[in-house]
Amino acid sequence: MAKVGTSTIDGESELGRVEFGPDDLRAVRDVVRTIAADRIPERAADAILAVHELAVNSIVHGGGHGVLHIDETADALVFTVEDADGTGTVPEVLRAEDHATSGRGLWIAQRLSDRLTIDAHPTRTRVRLHLTLARTAT
């Protein structure tokens, strides 16, 4: 279920928060779709696919569940996916072989975003995906 609360980025506004597991991917996509369609309609499909890939990675590699935070900064929507990976190692963004059936999630998310950052700590992993907001003419 989506919740709005305190931002994960200092000084910014949290637009949505979803705690998710394997049965909640549709809810993740729906929240991203709603927020992205309002703020970056031309890139909403990119946001949905990229965040879906991060959520799937979180489920597969992060203990079966995670949390999505959606924040708005002065110039971007920031989608943060956190999980209790616990390995303390930063996953690599690798291009999968053409015939591979998995291993493309981070690569897809990176290609669809303006910036992707990954932080790994002994108790959690956090992936942040930035999509720049369109500038309005003044």
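A salt bridge here is a side-chain nitrogen of Lys or Arg within 4 Å of a carboxyl oxygen of Asp or Glu. Keep that in mind for the charged stops on this tour.

Before you click anything: this is a predicted model, where local features need pLDDT of at least 70 and side-chain atom pairs count only at pLDDT 80 or more, while totals for chains, interfaces and linings use all residues. Residues are numbered from 1 along each chain as its sequence is written, and side-chain values use heavy atoms, with hydrogens and water left out.

**Stop 1: the whole chain**

Start with a cartoon of the protein chain.

Of the 138 residues, 45% count as buried (buried means under 20% relative accessible area, exposed over 50%, partly exposed in between; 1.4 Å probe, protein chains only). Among contacts (heavy atoms within 4.5 Å) between residues at least 6 apart in sequence, 60% join residues at least 24 apart.

**Stop 2: the core**

Hide the surface and select Phe 20, Val 32, Leu 68, Ile 70, Phe 79 and Leu 129. These are the residues with the most contacts inside the largest nonpolar core, which has 33 residues. Such a core is a set of buried Ala, Val, Leu, Ile, Met, Phe, Trp, Tyr and Cys residues joined through side-chain atoms within 4.5 Å. Which element gives the most to this core? Helix 2 does, with eight residues. In soluble globular proteins, nonpolar side chains tend to be buried together.

Centre on Leu 129 next and leave aside its neighbours within four places in sequence: the residues in contact with Leu 129 include Ala 50, Leu 54, Phe 79, Ala 109 and Leu 116.

**Stop 3: a charged network**

Over to the salt bridges, nine in the whole structure. Select Glu 82, Asp 119, Arg 124 and Arg 126, which are linked in a network of them.

Take Arg 124 and Glu 82 to begin with: their closest N and O atoms are 3.6 Å apart. This pair links distant parts of the chain, with Arg 124 in strand 6 and Glu 82 in strand 4, 42 residues apart. Arg 124 is partly exposed at 29% relative accessible area, whereas Glu 82 counts as buried at 18%.

Then move to Glu 82 and Arg 126, where the closest N and O atoms are 3.9 Å apart. Here too distant parts of the chain are linked, strand 4 to strand 6, 44 residues apart. Is this pair buried or exposed? Both Glu 82 and Arg 126 are buried.

**Stop 4: Arg 17 and Glu 19**

Select this salt bridge, with its closest N and O atoms 2.7 Å apart. Glu 19 is partly exposed at 42% relative accessible area, and Arg 17 is partly exposed at 23%.

**Stop 5: Glu 53**

Finish in helix 2 with Glu 53, which is buried at 18% relative accessible area. Beyond its neighbours within four places in sequence, Glu 53 is in contact with Gly 105 and Ile 108.

Terms used
Helix = DSSP H or I, 4+ residues; strand = E, 2+ residues; numbered from the N terminus.
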